[in-house]
Amino acid sequence: IVGRTADPDLAQASFGLVFPLLLLSSSPLWAFASTAAVLVKRREDLPVMLRFGVGTIAIFVLSIALCVWTPLRDWVLTQLFALPAGAPLAAAVAAALLWLPYQPITLGLRTINSGYLMAQERTRSIGIASALKLLLVLIVGFPLVRTAPALNGALLGTLLLLGSETVETLLILLRVRRLHAPSPATPVLPE
C-alpha cells in the first residue's frame with residue numbers, strides 16, 4: 001500500500017525506517033502473552049495481570065514519548081540514523097515517529113488479553129481479530145492512496161498499522177469481557 005503513493009521510493013524508505021522502530025520500541029511487551037497464558041488461569045488472576053501490564057505499558061509510553069516528542073527525536077534522526085536535517089526522508093520519518101508512543105498501549109493490552117484467551121483455550125477470536133486487522137488495512141489503505149497519492153508513506157503505514165492493531169485489540173478485549181460477564185442467574189421456579 002505504501003508503495004502505491006506518489007513517491008514510492010521515499011514512502012517505502014521512510015516506512016522501512018519507522019516499521020522496525022515500531023516493532024523494537026515495545027517488543028518486550030510480547031512477553032505478556034506467554035506470561036498471561038501461564039500465570040492467568042482463573043478469572044481473578046486477570047485483573048492483577050492487567051494492573052501490572054498497565055503500569056509497564058505506561059513506562060514504555062513515557063520512555064518512547066521522551067525520545068520522539070522532544071528534541072531527542074532530531075538527534076536520533078540526524079546522529080543515530082545519519083539523515084540530513086530537513087531532508088524529505090527525515091521529515092517523513094519525523095512525522096510518523098510522533099505516533100510511536102501509542103504502540104505499547106495496543107500491543108500490551110492485546111498480548112495480555114490474547115494470552116488469557118490462549119490459557120482459556122478460546123483462540124478462535126484471536127484469529128478472527130487478526131484476519132479483520134488485515135482486511136481493515138486493505139479496505140482503508142488502497143482507497144486512501146488512490147484518493148490522496150501524495151500522502152506521507154511513513155505516516156500512512158504507521159497509522160494503518162496502529163489503527164488496525166487498535167481494532168484487533170478492541171475485538172480481543174470485547175471477547176475477554178464477554179468471558180468475564182456474569183452469567184445470568186438461574187431462575188427459581190415456584191414449587
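Predicted model: local features only at pLDDT ≥ 70, side-chain atom pairs only at ≥ 80, totals over all residues.
Local features are reported at pLDDT of at least 70 and side-chain atom pairs at pLDDT 80 or more, whereas totals for chains, interfaces and linings use all residues. Residue numbers start from 1 along each chain as its sequence is written, and side-chain values rest on heavy atoms, without hydrogens and water.

A nonpolar core is taken as a set of buried Ala, Val, Leu, Ile, Met, Phe, Trp, Tyr and Cys residues joined through side-chain atoms within 4.5 Å; buried denotes under 20% relative accessible area, exposed over 50% and partly exposed the range in between (1.4 Å probe, protein chains only). The largest such core comprises 18 residues, and Leu29, Phe32, Val40, Leu46, Met49, Tyr116 and Leu117 have the most contacts inside it. Two or more residues of this core come from each of helix H2 (31–39), H3, helix H6 (103–119), helix H7 (124–147) and helix H8 (153–180), with H3 giving the most, 5 residues. Helices (H or I, at least four residues) and strands (E, at least two) are DSSP runs numbered from the N terminus. Apart from this core lies another, of 17 residues, which includes Leu21, Leu22, Ala90 and Leu97.

Phe32 is buried, at 6% relative accessibility. When neighbours within four places in sequence are left aside, Phe32 is in contact (heavy atoms within 4.5 Å) with Met49, Phe52, Gly53, Thr56, Ile57, Gly108, Thr111 and Ile112.

Aromatic pairs were assigned to rings of Phe, Tyr and Trp (its six-membered ring) whose centres lie within 6.5 Å, with planes under 30 degrees apart classed as stacked, over 60 as edge-to-face and the rest as tilted. By this rule the count is 2 aromatic pairs. Phe15 and Phe19 make a tilted pair, at 5.6 Å centre to centre and 40° between the planes. About one helical turn separates Phe15 from Phe19, because they are 4 residues apart in helix H1. Phe15 counts as buried at 18% relative accessibility, while Phe19 is partly exposed at 31%. Phe32 and Phe52 form an edge-to-face pair, with 6.1 Å centre to centre and 80° between the planes. Because Phe32 belongs to helix H2 and Phe52 to helix H3, this pair ties together parts 20 residues apart in sequence. Phe52 is exposed, at 52% relative accessibility.

The largest pocket has a volume of about 250 Å³. On a 1 Å grid over the protein atoms alone, a pocket is an open set of points where a 1.4 Å probe fits, with protein on both sides within 12 Å along at least five of seven lines, and lining residues have an atom within 4 Å of a point. Of the 14 lining residues, Leu21, Ser25, Cys67, Val68 and Leu100 lie nearest the pocket centre. At least two lining residues are supplied by each of helix H1 (8–25), helix H3 (45–68) and helix H4 (72–80). The lining has 12 nonpolar, 2 polar and no charged residues.

Thr158 is found in helix H8 and is buried, with a relative accessible area of 0%. Beyond neighbours within four places in sequence, Thr158 is in contact with Phe15, Val18, Leu22, Ala96 and Trp99. Gly163 also has its place in helix H8 and is partly exposed, at 30% relative accessibility. The C-alpha atoms of Gly163 and Gln103 are separated by 10.0 Å, the two residues being 60 residues apart along the chain.

How values were computed:
Points joined across faces, edges and corners; volume = space filled by probe spheres on them. Nonpolar A, V, L, I, M, F, W, Y, C, P; charged D, E, K, R; others polar.
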